Each structure stands twice: as structure tokens, then as C-alpha cells.
Amino acid sequence: MIKNRLCKTELGTRLYFFFAKMYSLRMYLPFCKGKPIFAGIELTNICNLKCVMCSLKDAKKKRGFIDFGLFKNVFDQCYNLGIRKFAFHISGEPIIHPKIGDIVSYAKKKRIKICISTNGQLLNVKQAKKLMDAGVDSFRFSIEGSTKKDYEKIRFGGSFETLIKNMENLKKLRDSSYKDVEITVGSVILENTPDKITNFHKVFGPLTDEISFSELHTIGDQHKGANKNRRKRLCLMLFERIYITWEGLITICCFDFDNNLIVGNVKKDTIEKIWYNKIFNHYRKLHKLGLLNKMPMCGKCKLATPYEQYLVNKKASKLIQVN
Ligand code: SF4
Ligand code: SF4
């Protein structure tokens, strides 16, 4: 059953990445500034975990929640710019936001697809029901490790039992009353992941519709274990995505947990104005010219966007790259 869904998903994923690559080729044109087609709105940079591969725990900037009024303002601006694909997080655990239900309901009025990415620890039955009633279309669990020992070592502060209990309850609830809601798992490939793929599938396969893997990003040069072979293509973040932090700042990068790559403030300018402003265009120019060393973070980054995505083969025994 799971294997069939994986086969279908693999084809869909391959097609998505094929078209994304084609779309990205236009960025090499000297006059092309692109247009945002995706927005990441950070609901909070507070998180209940301290995962080993996440640099949020070392971030120095202030923690907080986006104001609901500010959320509505930036969401509407993005929507009016033509954006239909949103993520409601950059860093942090979005379901910690006290107004998460109102945020989802507000966005859902525009009939967009809403995916909530979560570490799953706080997604109990009450919370899951509230979110599905508000209009969530899919949940994406971020998980590494398929045993209590591995999981709790990597997802520091989390409980393996709580994760499994929340996933089991969500699956039951979905199957009985919210049949259109999708449940997926995304996992970062760490050192021993490939050897443990079969068990990962055994544990999480029955609880989800799709499992995919992505490479650990260097995030500048912060992760020693990451693959640092630089790709010879532009970083798409600057040309098709916009990221708004909980304070209302616009950054060019979804890994900018310390506001190193800020290009504007939505409390002072419109998102459209910021998208075309001098500093944003300057950064784009540096990327096109390959002068990344002149920028914070980017100089040492692997430029891995969109991420390398992997699914597992039909026997659930090894990873296969799909883009
Ligand atoms: S749950 Fe997500 S945001 Fe929180 S520490 Fe882990 S990777 Fe970072
Ligand atoms: S090159 Fe790396 S650091 Fe720079 S915007 Fe892209 S992902 Fe972020």
C-alpha cells in the first residue's frame, strides 16, 4: 500500500523538479529579476526542541511571535502579488503560535493549500482537530531517527513515544473524519541514515502517505557533516521566494536565523517595493556574477536550493535521488 503511494509520488516529484529546473533557467538572463512565487512567513522563531543539525539554537536574535495583524497584512500583500504557495515557518515550531488556528482560518479563506510543517511533539488530538477544522490540507513531520535512542539524540528535547502517539492519533483521525488531509514525513540525511532506511520505513511508513529525504544543508558553512560540493547554479531563493520574519523583516534566505541577509522591513515599505529595491537587486547581481564571498553566509554555502530530494526505492532499502 505504502509502496504504491511512493511510486506515484516519485513520478510527481520528478515532474515537479523537472519543471522547477526549466523555470530556473530564466534566471541566467541578465535582465531577469524574477517574481516571487513562494512566500515563507515565520510565525515564530521559538522552538520546543534543540535538534543537533539545526542552528536555531545558536541564534542570538530575539525570540517572538508574529502579530496577527502583521500576519494578515503580509499574507494579503503576498497573495495580491500572485503568490499561491506559502510556508508558515522559517525557523521555529509554528504550532506554538497562540493564534495558529486563526492564522490558518484567515489564510484558508483565499482557498490556498495549507501545509503545516511540525516536529510533531505538540500535535496532540485537540491541536490536530483544531488545525484540520481551520483548514489545514497537509501535515509534514520533520523526523530523523527511527528508534527512541536515535530520535532523542538527534531531536534533542523530543520524546519518541510522544511523536509516535501523536502520529498514530492523527492518522486515525484523518482516516475517520478528515480523509483529504495528507500526512507526510520529511527527513534530513545524516551520517547513518542510509543504513537505517528500512527501519525508518517500517516505523513511519504505516503512519504517513509519503516519506522523503533531503540533504543536510551547509547553511553558510555551519554544518561540518554536510556535502559541500558547490553547485554551479544560482540560488533560487533570491529570484522566486520571499521570506518574512516574525518581526516583519524580509530576508533573502530561509536559513537566516540571525538577520544577516535582511533586505527590507514591511513596517516601512511594501513587499513589492522591497522585492525590487536596491539591496535586493545588489544581492541578486552578486549571485549572477558569482561574487558570493561579498555576501554574508552565501560565500560558503552549498547553494542547494531547491534541495536535493530523495525517496526510497520500492523495497524501502535505499535512497534514490529524484532531482
Ligand atoms: S524542530 Fe525544527 S526549528 Fe526546532 S530545533 Fe528542530 S529543526 Fe530547528
Ligand atoms: S546561497 Fe545559501 S546562504 Fe545564500 S541565500 Fe542561498 S541558501 Fe541562503
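Predicted model: local features only at pLDDT ≥ 70, side-chain atom pairs only at ≥ 80, totals over all residues.

Trainee: Which residues surround ligand 1?

Mentor: The shell of ligand 1 comprises Cys47, Leu49, Lys50, Cys51, Cys54 and Leu56, together with Ser91, Gly92, Glu93, Asn119 and Ser142. Sorted by class, this shell around ligand 1 holds 5 nonpolar, 4 polar and 2 charged residues.

Trainee: How many helices and strands does the protein have?

Mentor: The protein contains 10 helices and 13 strands. Of its 323 residues, 35% are buried. Among the contacts with a separation of 6 or more, 72% link residues 24 or more positions apart.

Trainee: What describes two packed helices?

Mentor: The description rests on the angle between their axes and the distance between the axes. Here, helix α2, residues 68-80, packs with helix α3, residues 100-108, at an angle of about 25 degrees, and their axes are 11 Å apart.

Trainee: Why are α2 and α3 called roughly parallel to each other?

Mentor: Angles under 35 degrees count as roughly parallel. The angle between α2 and α3 is about 25 degrees, and α2 and α3 are therefore roughly parallel to each other. The crossing in which α2 passes α3 is right-handed.

Trainee: Which residues of α2 and α3 meet?

Mentor: From α2 come Phe68, Phe71, Lys72 and Phe75, which meet Asp102, Ile103, Tyr106 and Ala107 in α3. By class, the residues of this contact of α2 with α3 are 6 nonpolar, no polar and 2 charged.

Note on methods
Residues numbered from 1 in each chain as written. Chains lettered and ligands numbered in written order. Near = placed C-beta within 6 Å. Nonpolar A, V, L, I, M, F, W, Y, C, P; charged D, E, K, R; others polar. Helix = DSSP H or I, 4+ residues; strand = E, 2+ residues; numbered from the N terminus. Buried ≥ 20, exposed ≤ 12 C-beta atoms within 10 Å, placed from the backbone. Contact = placed C-beta atoms within 7 Å. Axes fitted to C-alpha atoms, helices over the stretch in contact; angles between N-to-C directions. Parallel < 35°, antiparallel > 145°, perpendicular 65-115°, else oblique. Left-handed = near helix turned anticlockwise from the far one by under 90°.
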